[in-house]
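Here is a chain to read with a set of definitions at hand. Each answer below sets a value against its definition and then concludes.

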Amino acid sequence: VAGYVHGRIFASCGKFGIALKLPRETISRLLKDPGAKHLKYFTKGHVKKDYVVIPSGIIGDEVEVGKLIDESIRFVEAEAR
């Protein structure tokens with residue numbers, strides 16, 4: 001399952017959880033949180049370094065996850081320009 005903005009993917013959801021496409025700085029900050037990791041669809045698959053799997057501790061925080069979703073949408077919209 002994926003979330004799109006202007007025909008571009010900003011979110012992906014699967015067995016791994018929920019992943020968002022975000023700026024590098026935000027990804028670096030999130031990767032310090034236990035449970036956060038780069039998106040990888042398959043064990044031997046390519047690592048999607050521009051996406052981060054959101055850790056469960058943040059998923060449970062509606063305000064924080066909402067901010068990250070907004071940031072992801074704005075980031076993907078800016079890339080499209």
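Contact means heavy atoms within 4.5 Å. This is a predicted model, in which local features need pLDDT of at least 70 and side-chain atom pairs count only at pLDDT 80 or more, while totals for chains, interfaces and linings use all residues. Residues are numbered from 1 along each chain as its sequence is written, and side-chain values use heavy atoms, with hydrogens and water left out.

Q: Which residues does Phe10 touch, not counting residues up to four places away in sequence?
A: Phe10 touches Gly3, Tyr4, Val5, Ala19, Leu20, Lys21, Tyr51, Ile69, Ser72, Ile73 and Val76.

Q: What makes a set of residues a nonpolar core?
A: The name requires buried Ala, Val, Leu, Ile, Met, Phe, Trp, Tyr and Cys residues joined through side-chain atoms within 4.5 Å, where buried means under 20% relative accessible area with a 1.4 Å probe and protein chains only. The largest such core here has 13 residues, and Phe10, Leu20 and Leu68 are among those with the most contacts inside it.

Q: Why are β4 and β5 called paired strands?
A: Two strands pair if DSSP finds at least two bridges between them, and strands are DSSP runs (E, at least two residues) numbered from the N terminus. β4 (residues 37–40) and β5 (residues 47–53) have four bridges in the antiparallel sense, so they are paired. The bridge partner of Lys40 in β5 is Val47, and a hairpin of six residues joins β4 to β5.

Q: How many helices and strands are in the chain?
A: The chain has three helices (H or I, at least four residues) and five strands.

Q: Why is the chain called as compact as a globular protein of its length?
A: The radius of gyration, taken over C-alpha atoms, is set against the globule rule, 2.2 Å times the number of residues to the power 0.38. The chain's value is 12 Å, close to the 12 Å that the rule gives for 81 residues, so the chain is as compact as a globular protein of that length.

Definitions and conventions:
Buried means under 20% relative accessible area, exposed over 50%, partly exposed in between (1.4 Å probe, protein chains only).
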